[in-house]
Amino acid sequence: MGNDLFGGLGGLVKGLSGLMPQEDPGVKLFKAQAEYGELEKKEEQQLAQIGRMAIEKYGIGEWGEAGEKLCLTRRNMEEAKKQLNHAENENQEADEKKRQSEECRTCRECGMLNPEGVKFCQECGTKLGAREKRFCPECGAEVDVNVRFCGECGHRMED
Ligand SMILES: [Zn+2]
Ligand SMILES: [Zn+2]
């Protein structure tokens, strides 16, 4: 329809400025490739679906080498799944460590997030540390993080 209406105009524009973008052979090729690729993908998915139904109906042993390969792939998948779970756990632990580290470095008085390795808040001087309690190195008693002497044995607590 568009061609009928604008054919004359199109021809005129063509004459003035070369090919219209949609008539560019490179663009045409790209479009044709994309369209074919889409259909190929769709076919793959449909074949896979039929394959699943066939295995469900007739069992995996019916398909010779292809079935054996599938079994092997599935075994490999189990192993890969374990690796994936392991990696996920490790990643989660790393995140948790990072979170805890940030929690330790965040001042409970003023909320400032201090850099790593800092013992006292750089903003207000409050002693940092997520643990509110620590243990006396002398007698092992649990003492408050801010006290200077152990209440149990009188040991002088280091900062
Ligand atoms: Zn502070
Ligand atoms: Zn003590």
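Which residues coordinate the zinc ion (ligand 2)?

Author: This is a predicted model, in which local features need pLDDT of at least 70 and side-chain atom pairs count only at pLDDT 80 or more, while totals for chains, interfaces and linings use all residues. Residues are numbered from 1 along each chain as its sequence is written, chains are lettered from A and ligands numbered from 1 in the order in which they are written, and side-chain values use heavy atoms, with hydrogens and water left out.

The zinc ion (ligand 2) is held by the SG atoms of Cys 136, Cys 139, Cys 150 and Cys 153, at 2.3 to 2.4 Å. Donors here are N, O and S atoms within 2.8 Å of the metal (3.2 Å for Na, K and Ca); water is not among the atoms, so sites may look incomplete. The angles among the four donor atoms run from 104 to 115°, and the site is tetrahedral (four donors, all angles between 85 and 135 degrees). Along the chain, the donors follow the spacing C-x2-C-x10-C-x2-C. Cys 136, in the loop between β1 (133-135) and β2 (142-144), and Cys 153, in the segment after β2, are 17 residues apart; strands are DSSP runs (E, at least two residues), numbered from the N terminus.

Cys 136 is buried at 3% relative accessibility, whereas Cys 153 is partly exposed at 39%. Buried means under 20% relative accessible area, exposed over 50%, and partly exposed in between (1.4 Å probe, protein chains only).

Cys 150 is in contact (heavy atoms within 4.5 Å) with residues including Cys 136, Ala 141, Val 143 and Met 157, leaving aside neighbours within four places in sequence.

Note on methods:
Tetrahedral: all angles 85-135°; square planar, octahedral: opposite > 155°, others 65-115°. Helix = DSSP H or I, 4+ residues; strand = E, 2+ residues; numbered from the N terminus.
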